[in-house]
Structure formats: structure tokens, C-alpha cells
Amino acid sequence: MSITIALSMMGLGLIAVAFFIPMGKVWALAVAPCIYYFGTSFFYSPIVDSATLTVPAEESGRVLGINDLVQAITGSIGVAVFSGMMSSGFMSGGSVAGISAGSASTYANVFIVGGIVVLAALVIYLVFHKVIYSRVNNEKKNGSVN
């Protein structure tokens, strides 16, 4: 449930930034990002638990290392990709967020794309979460989980 809430808040927060751009800087740069950052802060603990629960105990250190590496790198990759899209003027012809052509529509569209990517990750998680946790459920049935 925590992962679902976290990814929902992250996706909705990114999309909120796009729709709050016409409302001014405070809404777009202070209020809407709070929704996103709530999701990111809510995400860390459950994803670590999920990672350790899906492997045998003796592999948990390796999984935590890979998890930390992925979390450290993905933020940098996201910033590089999205800042490149923003600086290039990609998707500047107008936005579904009600913004006419120009830089603001580029920013809104990039945030909408980011939100959709996060919400797509949520859908993938919801589709596959039973597979992800199948090992844990099998061990609980057999009584081997401590």
C-alpha cells in the first residue's frame, strides 16, 4: 500500500506542477512539488523492504547495494533527460495544462510526461506485485520466514 501511495503522489505531484504553472510561481514551485516530495520520502522504506523480502537473507546486502545504486543514479538520469527536454524547447507548441506556446508549455509538458512515466511505473507495479512477493508468500506458507 505504501508503494502505491508513494508512486501516486509522485506522479500526481509532477502533473500538478504542470497545471499549477498558470497559477504562479508559488503554486508551481512551492506547493505542487510538496506533493511529489511527499511521495519520494514515502517511497524509500517500503522499496527497501520489498527488495530485501524478495531474496534469500544471505543476498540482502547485495540487493540493498544495488537498490541504493539504482536510486542514486536514476535521479541524475532523470534530471539530465528532463533538463535536456526543457532546454531544447521540445513540446513548446502548447499544453493540455492550458498554457499557450512557449517555454512555459515546454515545462508543463515535460512535467506531464514525467508524471505519466511515474504513473506507468505504478501500473507495472500493480500488475506484477504478486509476482514480486511470491517468494515471501510461499515461504510464509511453508513457515520458513522469520
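**Helices, core and pocket of the predicted model**

The largest share of the lining of the largest pocket, eleven residues, is supplied by α3. Helices here are DSSP runs of H or I with at least four residues, and strands are runs of E with at least two, numbered from the N terminus. The structure is a predicted model, in which local features need pLDDT of at least 70 and side-chain atom pairs count only at pLDDT 80 or more, while totals for chains, interfaces and linings use all residues. Residues are numbered from 1 along each chain as its sequence is written, and side-chain values use heavy atoms, with hydrogens and water left out.

To return to the pocket, its volume is about 1,200 Å³. A pocket is defined on a 1 Å grid over the protein atoms alone, as an open set of points where a 1.4 Å probe fits, with protein on both sides within 12 Å along at least five of seven lines; lining residues have an atom within 4 Å of a point. Grid points are joined across faces, edges and corners, and the volume is the space filled by probe spheres set on the points. The lining holds 38 residues, of which M10, Y36, T40, T74 and V118 are the closest to the pocket centre. At least two lining residues come from each of α1, α2, α3 and α4.

Helix α4 covers residues 103-132, and its 30 residues should span 44 Å at 1.5 Å a residue; the end C-alpha atoms lie 41 Å apart, which agrees. The expected span is 1.5 Å times one less than the number of residues. A bend of about 40° occurs in α4 at L126, the bend being the angle between axes fitted to the seven residues ending at a position and the seven starting there. Helix α2 has 29 residues and reaches 42 Å between its first and last C-alpha atoms, close to the expected 42 Å. A kink of about 35° in α2 is centred on C34.

Beyond its neighbours within four places in sequence, T106 touches M85, M86, G89, F90, M91 and S92. In α2, the buried residues, among them F43, P46, I47 and V48, pack against α1 and α3.

The largest nonpolar core has twelve residues: I3, A6, L7, M10, L14, F43, I47, V48, V118, L122, Y125 and Y133. Such a core is a set of buried Ala, Val, Leu, Ile, Met, Phe, Trp, Tyr and Cys residues joined through side-chain atoms within 4.5 Å. Two or more core residues come from each of α1, α2 (25-53) and α4, with α1 giving the most, five. Leaving aside residues up to four places away in sequence, I3 touches F43, P46, I47, S50, Y125 and Y133. S50, in α2, is buried with a relative accessible area of 10% and is in contact with I3 and Y133, apart from neighbours within four places in sequence. M1, by contrast, lies in the segment before α1 and counts as exposed at 74% relative accessibility.

Notes:
Buried means under 20% relative accessible area, exposed over 50%, partly exposed in between (1.4 Å probe, protein chains only). Contact means heavy atoms within 4.5 Å.
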